[in-house]
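Entries follow in the order I checked things.

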Amino acid sequence: MKNLIIGANWKSNKTKNEAKEWLDRFYNFSPREGLEVIVFPPFTLLDYVSSVIRVNDLPLKVGAQNLSSGVNGLSLTGEVALEQIGEFSDYVLLGHSERRKYLNEDENQISMKVEKVIDLEAQGKKIEPILCVSSVQGVNSLTKQGMIIAYEPLEAIGTGNPASPQDVAKIVSEIKGIVRGARVLYGGSVKPENVVDYLSTDIDGFLIGGASLDPDEFINILKNV
Ligand code: PGA
């Protein structure tokens, strides 16, 4: 069976009570060996979710959905810095297409964020970045060897129209041809019913939005892979 990374991207969803209900479902469910399951809660829940996971030894990792680019070393109102994220997270999503499209995040900002993560690593502390791209072109200068890259075509995100396994297979192999040692995830309308279709490709996992919000639906995805 394949080793896979499966991310639950909650986006701007869930209160603390809702997060508790979701996590409660993992007291009686363990993903099979070889699955790395990462929850990406909003910043307000990073502390809570990571404490519940740690205290109860749940089979989950935690990631943040974004980090401050810290333009010119400034502290920025409303932003959250890498050091703060690092107290609670092992992973961080960078350049999600919703941030690019609706919040005008550009390549320059994303590359500053990638640099921050690389600098932190040079200091011996590691947070694994997951760079989100909607095309092969998005990979270019932002990537580093061995990086995790989430391929999420715009027309597939939140639409119920997932990319075909053939298209995903093609893009995954192109990305792997550009970035040595990359692990590539697919995201975009992945559901329990369609997740198996991608397993014959060279995919390394999935980033799941809508279908990760209901714990039973998400667990069904974990059971099906
Ligand atoms: P979706 O979102 O599964 O709801 O399409 C995926 C994502 O945006 O990461």
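**Ligand site**

I started with the location: the ligand sits in the second largest pocket. I note that this is a predicted model.

I then looked up the volume of this pocket. The second largest pocket holds about 170 Å³ of space. I found 18 residues lining the second largest pocket. Nearest its centre are Gly 158, Gly 188, Ser 189, Gly 209 and Gly 210. I sorted the lining of the second largest pocket by class and got ten polar, five nonpolar and three charged residues.

**Shell around the ligand**

How many residues surround the ligand? I got 13. The closest are Lys 11, His 96, Glu 152, Gly 158 and Ser 189. By class, this shell around the ligand has seven polar, four nonpolar and two charged residues.

Gly 158 and Ser 189 turn up in two of my lists. They are among the closest residues to the ligand, and they are also among those nearest the centre of the second largest pocket.

**Backbone contacts**

Next I looked up polar backbone atoms facing ligand oxygens. For Ser 189, a backbone N or O atom lies 2.8 Å from an oxygen atom of the ligand. For Gly 209, I read 2.8 Å between a polar backbone atom and a ligand oxygen atom. For Gly 210, a polar backbone atom is 2.8 Å from an oxygen atom of the ligand. I then checked burial: the ligand taken alone exposes 290 Å², and the protein buries 96% of that.

**Largest pocket**

The largest pocket has about 290 Å³ of space. Its lining counts 13 residues, with Lys 11, Ser 12, Gln 65, Glu 98 and Arg 99 closest to the centre. Which helix gives the most to this lining? I found helix H4, residues 97–102, with three residues. By class, the lining of the largest pocket has five nonpolar, five polar and three charged residues.

Last entry, on Lys 11. I have this residue among the closest to the ligand, and Lys 11 is also one of the lining residues closest to the centre of the largest pocket.

Definitions and conventions:
Residues are numbered from 1 along each chain as its sequence is written. This is a predicted model: local features need pLDDT of at least 70, side-chain atom pairs count only at pLDDT 80 or more; totals for chains, interfaces and linings use all residues. Side-chain values use heavy atoms; hydrogens and water are left out. A residue is near a molecule or strand if one of its heavy atoms lies within 4 Å of it. A polar contact is a pair of N or O atoms within 3.5 Å; within protein, one must be able to donate a hydrogen and the other to accept it, and residues adjacent in sequence count only if both atoms are side-chain atoms. Accessible areas come from the Shrake-Rupley method with a 1.4 Å probe; for residues, only the protein chains shown count as cover. On a 1 Å grid over the protein atoms alone, a cavity is a set of points where a 1.4 Å probe fits but cannot get out, and a pocket is an open set with protein on both sides within 12 Å along at least five of seven lines; lining residues have an atom within 4 Å of a point. A molecule sits in a cavity or pocket if more than half of its atoms lie within 2 Å of its grid points. Ala, Val, Leu, Ile, Met, Phe, Trp, Tyr, Cys and Pro count as nonpolar, Asp, Glu, Lys and Arg as charged, and the others, Gly among them, as polar. Grid points are joined across faces, edges and corners, and a volume is the space filled by probe spheres set on the points. Helices (H or I, at least four residues) and strands (E, at least two) are DSSP runs, numbered from the N terminus.
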